[in-house]
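Have the model open beside you as you read.

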Amino acid sequence: MGRAKVLGFDIVSQADEVRTRAGALLDQPGLYEQLSAETNLEFYARVWRMSETDRKDRVRELLSHIGLWERRKERVQHWSRGMKQKLVIARALVHRPSLVFMDEPTAGLDVMAANAVRDDLESLAADEGVTVFLTTHNMAEAERLCSQVAVIREGRLIAIGHPDQLRAKAGGPHLEIVGRGFTDKSLGLVRRREAVSAATLRNGHLIVELKEPIDSAPLIRELIEAGVEIEEVRKGQPSLEEAFLALLLEDEQ
């Protein structure tokens, strides 16, 4: 049998210590739709046995932060899904937890609503000093919000690290050079550079794979002197989604 600790507390023998220090946003939003936003948060603050003064201050603080204070008296049932999700995040934070578990917080939201929720989540986490344990299938969301990412497959942890560390699994940084007049000679000039691991033409674009980030100006200057007409240069690196797929392929081997 294994053991687990959360915030240094054993989840079996010190479960109450864990609960008082953690919040959660799960499948069920836990909102009372016949009540107002203010009353919803007031109710949960009472559940956490916060004092009256602390409750009022906390409710105003959270609703103001997510831009809903002016609508605090409205019944939640009339709100959009995005607004409700903002309120759910506030509910999870009402008792000032040290750790919050959030399961797919933007699932089912339209693009604008999902972006607004991410903005609120990002700023609230920073201002509150809270650790957010986020589960998501949205790699762009994880890339934006997370400083540490774990990839889990069929219950197994196959990788963990900063997004930059995981992206390195899918290759290093690269340059995409758009232009005309690429020749074997100009490609040879690029490939001879120490920081270049590969240089290939794809649909008329020169893709330069790099071992590490570089100042691209000297390389571009050399290509121009070799007769290449350059229209555009793009710097890039693999996305977290590409890294995720690379990790899954590696795990299958």
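Helices and strands here are DSSP runs numbered from the N terminus, a helix needing at least four residues (H or I) and a strand at least two (E). Please keep in mind that this is a predicted model.

With those names in hand, start at the largest pocket, which holds about 850 Å³ of space. Two or more lining residues come from each of α5 (111-128), β5 (131-135), α6 (139-145), β6 and β7 (156-161). The biggest contributor is β5, which gives 5 residues to the lining. In total 26 residues line this pocket, and those nearest its centre are L134, T135, C146, Q148 and A150. Sorted by class, the lining comes to 18 nonpolar, 6 polar and 2 charged residues.

Now move to the second largest pocket, with a volume of about 230 Å³. Its lining is made by 14 residues, with L26, D27, P29, R81 and Q85 the closest to the centre. Helix α4 (residues 81-93) gives the most here, namely 4 residues. The class count for this lining is 6 nonpolar, 2 polar and 6 charged residues.

While you are at α4, look for K86, which is found in this helix. Is K86 buried or exposed? With a relative accessible area of 14%, K86 is buried, because the cut-off for buried is under 20%. Setting aside neighbours within four places in sequence, K86 is in contact with I66, L68, A116, V117 and D120. For a sense of scale, K86 and A226 are 140 residues apart in sequence, and their C-alpha atoms lie 56 Å apart in space.

Beyond neighbours within four places in sequence, the contacts of N40 are L31, Y32, L35 and V76.

Next, what about enclosed space? Rolling a probe the size of a water molecule over the atoms shows where empty space is left. The structure holds 1 cavity of 30 Å³ or more, and the largest cavity has a volume of about 30 Å³. Around this cavity you will find M139, V149, V151, L166, L240, A243, F244 and L247. By class these lining residues are 8 nonpolar, with no polar and no charged ones. At least two lining residues come from each of β6 (149-153) and α10 (240-252), and α10 has the largest share, 4 residues.

That brings us to α10 itself. Within α10, the residues L240, A243, L247 and L248 are buried. They cover an arc of only 140 degrees around the axis, so they sit on the same side of α10. An α-helix has 3.6 residues a turn, so residues three or four places apart point the same way. On the face turned away from the buried side of α10 you will see the exposed residues L249 and E252. The cover over the buried residues of α10 includes α6, β6, β7 and α7 (163-167).

Technical notes. Residues numbered from 1 in each chain as written. Predicted model: local features only at pLDDT ≥ 70, side-chain atom pairs only at ≥ 80, totals over all residues. Heavy atoms only, no water. 1 Å grid on protein atoms, 1.4 Å probe; cavity = no way out; pocket = protein on both sides within 12 Å on 5 of 7 lines; lining within 4 Å. Points joined across faces, edges and corners; volume = space filled by probe spheres on them. Nonpolar A, V, L, I, M, F, W, Y, C, P; charged D, E, K, R; others polar. Contact = heavy atoms within 4.5 Å. Buried < 20%, exposed > 50% of the residue type's maximum accessible area, 1.4 Å probe, protein only. Arc of directions from axis to C-beta.
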